[in-house]
Amino acid sequence: KSFAIILLALVPTSLDAKSQDEGFGTVEALAFMTKSCDTCGMGIGGKLNVEICGGVDGSCCHIKDIAKGDAERFPEGFVDDFVGENLDDCDGFNWATSNLDDLDMTISHEGEDDLTIDWFEVLTPDYTIACFAAPNYEGENSYKVKPGEDGDCVIYQ
């Protein structure tokens, strides 16, 4: 099992002028906090997929089954960190998006089981994009992150 604690700055930040030209940077890791309740963890046969859009040429990257079939991932009440090959073509994806208004991410669930996420983060070398609104995934469904300053996510530096 992979257990980690992600510490966030207390105050969200805006990107400076230099960083706005460069975007958020390259995707290095994703972290998911599974809600702490009896039926919140993902069981055998469940798959969580991620799509992040906003590459330099408008491209998207895709992660199919981020846990790669590991049934010990997404236990209730724990953080799961994903890096390297778990990120598929999102590993090192150049995320040119530089503000919350252009945020374009979709999380989808496959399988008969359920999964409830408290929050998830996308980490780049300079920024953490933390999203706090994620539904209970029951069976086959997906969730598109709400963009903008009144949306689901904040940026930490």
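**Surface charge and disulfide links in the predicted model**

Glu-22, Glu-28, Asp-91 and Asp-126 gather in a patch of negative charge on the surface. Patches are made of residues with over 30% relative accessible area and no salt bridge, like charges being joined within 9 Å and nonpolar side chains (Val, Leu, Ile, Met, Phe, Trp, Tyr) within 5 Å. A salt bridge is a side-chain nitrogen of Lys or Arg within 4 Å of a carboxyl oxygen of Asp or Glu. Asp and Glu count as negative and Lys and Arg as positive, while His and the chain ends are not counted. The place of a charge is taken as CG of Asp, CD of Glu, NZ of Lys or CZ of Arg. Accessible areas come from the Shrake-Rupley method with a 1.4 Å probe, and for residues only the protein chains shown count as cover.

The structure is a predicted model, in which local features need pLDDT of at least 70 and side-chain atom pairs count only at pLDDT 80 or more, whereas totals for chains, interfaces and linings use all residues. Residues are numbered from 1 along each chain as its sequence is written, and side-chain values use heavy atoms, with hydrogens and water left out.

Asp-91, a member of the negative patch, lies in the loop between β5 and β6. Asp-91 is partly exposed, with a relative accessible area of 41%; buried means under 20%, exposed over 50%, and partly exposed in between (1.4 Å probe, protein chains only). Strands (E, at least two residues) and helices (H or I, at least four) are DSSP runs, numbered from the N terminus.

The structure holds four disulfides, a disulfide being a pair of cysteine sulfur atoms within 2.5 Å. With bonded cysteines counted along the chain, the pattern is 1-2, 3-4, 5-6, 7-8.

One of these links joins Cys-53 to Cys-60, with an S to S distance of 1.9 Å. This link is right-handed, with 105° about the S-S bond. Cys-53 is buried, at a relative accessible area of 8%, whereas Cys-60 is partly exposed, at 27%.

Cys-61 and Cys-90 form another disulfide, with sulfur atoms 2.0 Å apart. The torsion about their S-S bond is about 95°, so the disulfide is right-handed. Distant parts of the chain are linked by this pair: Cys-61 belongs to strand β4 (residues 60-63) and Cys-90 to the loop between β5 (79-83) and β6 (94-95), 29 residues apart. Both cysteines are buried.

A further disulfide connects Cys-131 and Cys-153, whose sulfur atoms are 2.0 Å apart. It is right-handed, with 100° about the S-S bond.
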